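Here's a quick tour of a protein model, meant to be read with the 3D view open.

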Amino acid sequence: MRAHLFRLVLALSFVLGTVAQGAVAPLRGASGDTCAGNTRFLIGAGMGDITGPAAEVGMMGYGQLSQQTAGIHQRLRSRAFVIVSPCNGRRVAFVSADLGMVFQAVKTQVVEKLRARFGDVYSDENVLISATHTHSGPGGFSHHTFYNLSTFGFVPQSFDAIVSGIVTSIARAHSRLGAGTLRLATGELLGASRNRSPEAYRFNPSAERARYAHDVDTRMTLVRLTRTDGRDVGLINWFAVHATSMGNDNHLISGDNKGLASYLFEKAHDAGDTFVAAFAQSNEGDVTPNVLGGTNGGGANDFEDTELSARRQHDFAAHLWTLATTPLTGGVDSRRTFVKMDAVDVAPAYTDGQPRRTCPAAIGVSMLAGAEDGPGYGVEGASCSTLHDLWSQFTCALTTTPCQGEKPIVLEMGSMLPHPWTPNVLPLQLVTVGSLALVAVPFEVTTMAGRRLRQTVLERLGPVGVTEVVIAGLANDYAGYVATREEYARQSYEGASTHFGPWTLAALQQGFDGLAVALRDGQPVSPGPTPPDLRYIQASLQPGVVFDDKLLWVEFGEVLTDARPAYARGDTVRVTFWGAHPKNDLRLEDSYLRVQRKGSIGAWVDVADDSDWETRYRWERENCLPTLGCSHVLVEWRIPRDASPGTYRILHEGEWKSGWDGRVRPYYGASRAFTVR
C-alpha cells in the first residue's frame with residue numbers, strides 16, 4: 001500500500017514540477033505496471049555551440065595531416081533532448097552532436113559538470129551522447145594517442161568547447177521541460193545512400209541477405225516531440241549514412257549533410273533555438289552518402305553533394321513528420337555497463353557454436369587503404385586467408401595473431417605502453433523511451449552487424465512492448481568499426497578497422513542481450529571495470545597564438561578588398577579584411593561575421609552569420625615581413641534567391657593578440673554598403 005501511495009505522489013509531483021530533481025522511483029521492466037499505456041512525458045530540447053578552433057587544428061575523421069581547419073562554413077551544434085516519464089520517475093538526456101565521434105573523456109566531464117549543476121539527476125547511465133560523424137570538425141579532443149595523431153596531441157581549446165557546448169544544450173533542454181507527447185513514424189528513404197563495401201557485404205550468408213531488399217539500411221525512424229498545448233519542440237530521426245559529403249580536401253568547419261539537414265529543418269520552423277531537429281547517426285559503418293561517386297572521401301563536389309544528401313534526408317524527414325501519429329507508450333528506462341572489450345569470453349550461443357574470445361586492439365593493413373570513396377595507401381582486401389604466395393604467408397605469420405584471424409596487423413594499439421593508444425574499456429548502453437529502444441554503441445557498425453544487433457535486443461524486449469529498435473552509433477566513446485564475422489574475413493576497410501578481432505560483434509550481442517534482459521526484468525547490472533582517467537597526462541605540440549601582426553598603416557578589421565556597389569540575387573559577395581587568429585576567441589554562441597540589412601528606420605539588422613549555409617568565413621595566414629603573424633579573413637555571402645531587395649553590408653568581428661603585453665582585444669570591420677536587386 002505504501003509503495004503504491006509513494007508512486008502516486010511521485011507521479012503527481014513530477015507533473016506539477018515539485019519533486020526533488022534527483023528523485024527516482026523503483027525500477028520497473030519495459031512493460032511494468034507503473035507505465036503500461038503511458039503516453040505523457042516531460043520533454044525539453046536545447047542546443048549548444050561546440051565549434052572548436054577555426055584555424056590550424058587538424059580535422060577529425062580522415063586522419064590527413066594536411067587537413068587543417070581554415071575557417072567555418074557552418075558552426076557545429078550539440079542538440080539535446082531531455083525526456084522524463086513521470087510514471088516511474090526516470091529520465092534520459094539524448095544528445096546528437098556535430099562531431100566525428102564521442103570519446104569517454106568528453107562524456108565523463110559532461111556528466112561531472114551536470115552533476116555539479118543538477119546533483120544526481122544526470123549520470124553516466126541516463127546521458128547518451130551520439131556523434132553525427134562529420135569529418136569536417138577540429139580534432140584533438142580524445143585522451144587516447146591514436147585519435148590525436150593528426151592534431152599532434154591533445155587540443156584543450158577544442159575539448160573544452162565540446163564539453164561546454166554539450167552541457168549548455170542539456171541544461172537548456174532541462175530548463176524547458178514541460179508536459180508533452182512523443183509520436184513515431186518510420187519509412188524507407190531510397191536514393192540517399194549506398195554500400196561502399198559491397199564485396200564484403202556479399203560475404204554474409206545468402207539466406208540472410210535475401211531477407212533484405214537492399215545492402216544498406218534505408219529505414220529512417222523519426223520521433224516528433226510536441227507539447228500538450230500543441231507546440232512542437234523538435235524531432236529526432238535516425239538514418240544510417242556517413243557524414244562524409246565533404247572530402248578530405250575541405251578545410252572549413254562543417255556539420256556536413258546531417259548538420260545541414262538539421263539547420264534546414266530548424267530554419268523552416270523559424271523558432272530561434274527553441275525548436276531542435278536532430279538528424280542522428282545509426283549503423284553507417286559501410287554506408288556512404290556519395291551516391292553520385294566522388295574521391296578524397298567526399299562527393300564529386302563538396303558543397304553540392306552535401307546539399308544533395310542533406311535535402312534528401314530533410315525532405316523525407318518532413319514527410320515522416322506529417323505521418324508521425326503513433327504515440328510512444330510506456331516509460332523511460334536505461335542500463336549501462338563498461339566492458340573490457342579486448343578480453344571478452346563469448347559464449348557459443350553468440351558465435352559459430354564454439355567458445356570465442358576478443359583480442360587486444362589492432363588495425364589491419366587494409367585500414368591504410370581507406371574506403372572505396374576515399375582511397376589511401378594500398379588496396380583493400382589484404383587478408384591472410386587469401387594470400388597464397390610464400391612471402392605473403394610469411395608476412396602474415398609475423399604480423400597477425402591467432403586471435404585476430406585473417407587480419408594482417410599494421411598497428412597493435414592495445415599493446416602500447418604506458419596505456420593503450422585506443423580505449424579498451426568501453427561503454428554499452430541501452431535506453432528505452434516507451435516502445436522505442438536505443439542501442440548505444442561506441443563503434444561504427446556495418447549494415448548487417450546493426451541488423452543482427454537490433455534483432456538481439458528486439459527478441460528480448462519485443463514481448464514486453466518494444467516495437468522499434470534503433471542503433472545509436474558512435475555513442476559515448478569510440479573504438480573503430482564492427483563488421484560481421486563474415487565481413488571481417490574479407491578484410492575490407494571496415495573489417496580491418498574492427499579493433500577487437502573477428503568476434504567483436506558476437507561480444508556486443510552478448511553484452512546487449514544481458515542489458516536487455518536486465519532492463520526487461522527491472523534488475524540492475526554490474527557497472528563493469530572503470531575506464532582509466534587520462535586527463536592529467538595529456539600533451540600537445542600545438543602552439544598557441546604568439547601574437548597577431550599587421551602592416552603599420554592598416555588597422556585590424558580594415559577592408560583589403562571591398563564589396564561591389566550592387567549585386568543581384570544569386571550572386572556571391574566577397575570581402576577581405578585584415579584580421580587576426582580565430583584561436584584568440586572561439587566566439588561560442590556568437591559569430592565571426594554578420595550579413596546586415598538596413599532597416600526602414602536606418603538601423604542595421606542581422607540576416608545571416610557564420611552558422612548559415614550561404615556564408616563562408618575563410619582564414620588565411622599572410623606573410624607580412626618582418627613577421628609571419630598577419631592574417632587575412634575572407635567573408636563570402638551567396639545571396640539567396642529569395643533575399644529581400646535593399647541595402648546590405650558585411651561585418652567581420654574578431655580578437656587580436658598583442659605582442660607587447662599579450663592581451664587580447666576586440667576588433668571589427670565593415671564593408672561598404674551595397675544594394676541587392
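Before we start: two strands count as paired if DSSP finds at least two bridges between them. Keep in mind, too, that this is a predicted model. With that in hand, take strand 22 (residues 436-440) and strand 24: they run parallel and are joined by five bridges.

**Helices packed together**

- To describe two packed helices, you give the angle between their axes and the distance between the axes.
- Helix 10 (residues 447-461) packs against helix 13 at an angle of about 25°, and their axes are 9 Å apart.
- Angles under 35 degrees count as roughly parallel, so helix 10 is roughly parallel to helix 13.
- This crossing of helix 10 and helix 13 is right-handed.
- Residues making the contact include Leu453 and Val457 from helix 10, and Leu508 and Phe512 from helix 13.
- Now try the other pair: helix 2 (residues 104-118) and helix 3 (residues 156-175) pack at about 45°, with axes 9 Å apart.
- That angle makes helix 2 oblique to helix 3.
- The crossing of helix 2 and helix 3 is right-handed.
- Among the residues in this contact are Val106, Val110 and Leu114 of helix 2, plus Ile162, Ile166 and Ile170 of helix 3.

**The nonpolar cores**

- The largest nonpolar core has 103 residues, and Ile170, Phe443, Phe512 and Trp637 have the most contacts inside it.
- Another core lies apart from that one; it has 29 residues, including Val92, Leu184, Val223 and Ala440.
- Phe512 is worth a click: not counting residues up to four places away in sequence, it touches Leu428, Gln429, Leu430, Val439, Ala440, Val441, Leu453 and Val457.

- How many of the eight residues of strand 5 (residues 90-97) are buried? Eight of the eight are, so this strand is largely enclosed by the rest of the structure.
- In a regular strand, side chains alternate between the two faces of the sheet.
- You can see that here: Arg90, Val92, Phe94 and Ser96 point one way from strand 5, while Arg91, Ala93, Val95 and Ala97 point the other way.
- Strand 4 (residues 77-85) is joined to strand 5 by eight bridges, and the two run antiparallel.
- Strand 4 and strand 5 form a hairpin with four residues between them, and Gly89 in the turn has a positive phi of about 75°.
- Strand 5 also pairs with strand 6 (residues 127-131), this time in the parallel sense, over five bridges.
- Phe94 stands opposite Phe81 of strand 4, and it also stands opposite Leu128 in strand 6.

- Strand 9 (residues 219-227) is largely enclosed by the rest of the structure, because eight of its nine residues are buried.
- Strand 7 (residues 178-188) runs antiparallel to strand 9, with nine bridges joining them.
- Leu184 stands opposite Val223 in strand 9.
- Six bridges join strand 9 to strand 10, and these two also run antiparallel.
- Arg224 has Leu235 in strand 10 as its bridge partner.
- The hairpin made by strand 9 and strand 10 has four residues between them, with Gly230 in the turn showing a positive phi of about 95°.

- Asn237 sits in strand 10 (residues 232-238) and is buried, with a relative accessible area of 0%.
- Asp302 lies in helix 7 (residues 302-323) and is buried as well, at a relative accessible area of 14%.
- From C-alpha to C-alpha, Asp302 and Asp256 are 9.1 Å apart in space, though 46 residues apart in sequence.

Technical notes:
Residues are numbered from 1 along each chain as its sequence is written. This is a predicted model: local features need pLDDT of at least 70, side-chain atom pairs count only at pLDDT 80 or more; totals for chains, interfaces and linings use all residues. Side-chain values use heavy atoms; hydrogens and water are left out. A nonpolar core is a set of buried Ala, Val, Leu, Ile, Met, Phe, Trp, Tyr and Cys residues joined through side-chain atoms within 4.5 Å. Buried means under 20% relative accessible area, exposed over 50%, partly exposed in between (1.4 Å probe, protein chains only). Contact means heavy atoms within 4.5 Å. Axes are lines fitted to C-alpha atoms, for helices over the stretch in contact, and angles run from 0 to 180 degrees between N-to-C directions. Angles under 35 degrees count as roughly parallel, over 145 as roughly antiparallel, 65 to 115 as roughly perpendicular and the rest as oblique. A crossing is left-handed if the near helix is turned anticlockwise from the far one by less than a right angle, and right-handed if clockwise.
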